[in-house]
Amino acid sequence: MSLTATTRSADAGAAGPLRDLLVVDLSRAVAGPHAAMMLGDLGARVIKVEAPGAGDDARSWGPPFVTPAGRERESTYFLSANRNKESICLDLKAPADLAVLEELVCRADVLVENFRTGVMQRLGLGAERLHELNSELVLLSITGFGHDGPEGGRPGYDQIAQGEGGLMAVTGSGPEDPQKVGTPICDLLAGMNGAYGVLAALHERSRTGRGQVVRTSLLAAAVGAHAFQGTRWTVAGEVGRAAGNHHAAIAPYGLFRCADGAVQIAVGTETQWRRFATSFGIDPALPGLATNHDRVTRRDEVIAIVEKAFSTWRSTDLLTRLTAVGIPAGKVRSVDEVYEWEQTRSQGLLVDVDHDSLGTITLPGPPLRFFEPSGSERTRTAHRPPPRLDQHGKAVRTWITEDC
């Protein structure tokens, strides 16, 4: 049965629309932890269950590590996916620890796991058993390539899924230069898909009173992100290829060199094209330039024309000019520049937390904000730091005992 908010939440004053929910996070690495972190960002109490000794795989991923005096080293990789969680170590092959997990399941609203297909069943924690313990439980299960099908049992890591799922084939300087995305995008998207699947299942539970199983995978994350590259094949029969820093279906749209570097522009409509071309001394009605279809077909020529027009402009002045004539434009910022940008902080995309061993640290923050219709903001601003291994083990065990 569901617990009340007052008995469920580790932070009685925790804000967020999910503050009355308990999530048990059995996952490790990135996809599952990211899903659970998203739910924690929205106010849910998240108890992360880790293997004794080493804990989550991501605790060992680095460098970089940060090692405070007299403390265990901390992986910045782990810190990126585990804010707003508590940690307890449980050996799921030990009967006593398995009993602790079952007590948590009885109290939980959501359980997140990303084991290979069949592992949960071998642990005695298959979906049927979990729902015997708690019929209201929503179970999120994330795998590499799906739970069934001819290759359903394959292990999955992000870069493998990026390649197998077609993302690398449309990323890079050209067809012979496949490149992975610079972040674990399949992991992150699988976590996001899983989190919104959980919210849908919780909404349905409010009508039926019963939980259900939500499944997704890294492969599903990759295919689900194909967008126009997918329909380009399924409808038009055209295989998308990497086109470097230029859009495959819109021109001019991409990275263009100027006198002291480069800028990015997105000329997405014919009105914008005419305004852009006229502003930089280009005849918008020239044969081969008058329509987007023409410009995409002759992309290399368009790039050359635009870069010639930009060749005498410094990037700062060019961006000012582009903005003045209403053309979406920007520069390419390094990661440190992004976090030093006042616009980033103004959107709540950086949060400061007090870590048990690292002190006050700054983390990338949640991507959502909440407001009253009147305009007053209700976004959660106080966040828990990523936990040390088993940091909350004693407290969680005590809570279970006292709650019985």
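Is Arg298 buried, exposed or partly exposed? In this predicted model, Arg298 is partly exposed, because its relative accessible area is 33%, a value between the 20% and 50% cut-offs. The residue sits in the loop between helix H12 (292-297) and helix H13 (299-310). Apart from neighbours within four places in sequence, Arg298 is in contact with Pro287 and Gly288. Leu92 lies 206 residues from Arg298 in sequence. In space, the C-alpha atoms of Arg298 and Leu92 are 60 Å apart.

Helix H2 spans residues 31-41 and is mostly covered. Of its 11 residues, 10 are buried. Just after H2, Gly43 adopts a positive phi of about 110°.

A helix pair comes next. Two packed helices are described by the angle between their axes and the distance between the axes. For helix H4 (residues 95-107) and helix H17 (residues 393-403), the angle is about 65° and the axes are 11 Å apart. The crossing of H4 past H17 is left-handed. On the H4 side, the contact is made by Asp97, Val100, Glu103, Leu104 and Arg107. H17 contributes Val396, Arg397, Trp399, Ile400 and Asp403. By class, the contact has 5 nonpolar and 5 charged residues, with no polar residue. An α-helix has 3.6 residues a turn, so residues three or four places apart point the same way.

Aromatic side chains form a further set of contacts. The count comes to 7 aromatic pairs. In one of them, the rings of Phe276 and Phe280 have their centres 5.2 Å apart. Their planes stand at 40°, so the pair is tilted. Phe276 counts as buried, because its relative accessibility is 0%. Phe280 is also buried, with a relative accessible area of 9%. Phe280 pairs with Trp313 as well, with ring centres 5.6 Å apart. Here the planes stand at 65°, so the pair is edge-to-face. This pair links distant parts of the chain, 33 residues apart. Phe280 lies in the loop between helix H11 (270-279) and H12. Trp313 lies in the loop between H13 and helix H14 (315-324). Trp313 is partly exposed, because its relative accessible area is 25%, above the 20% cut-off for buried residues. Ring pairs join Phe256, Trp273, Phe276, Phe280, Phe310 and Trp313 into a cluster.

Cysteines were also examined. The count comes to 0 disulfides. Cys89 is buried, with a relative accessible area of 11%. Cys258 is buried too, and its relative accessible area is 11%. Both values place these residues in the buried class, because that class lies under 20%.

How values were computed. Residues numbered from 1 in each chain as written. Predicted model: local features only at pLDDT ≥ 70, side-chain atom pairs only at ≥ 80, totals over all residues. Heavy atoms only, no water. Helix = DSSP H or I, 4+ residues; strand = E, 2+ residues; numbered from the N terminus. Buried < 20%, exposed > 50% of the residue type's maximum accessible area, 1.4 Å probe, protein only. Contact = heavy atoms within 4.5 Å. Axes fitted to C-alpha atoms, helices over the stretch in contact; angles between N-to-C directions. Left-handed = near helix turned anticlockwise from the far one by under 90°. Nonpolar A, V, L, I, M, F, W, Y, C, P; charged D, E, K, R; others polar. Disulfide = S-S within 2.5 Å. Phe/Tyr/Trp six-rings, centres within 6.5 Å; stacked < 30°, edge-to-face > 60°.
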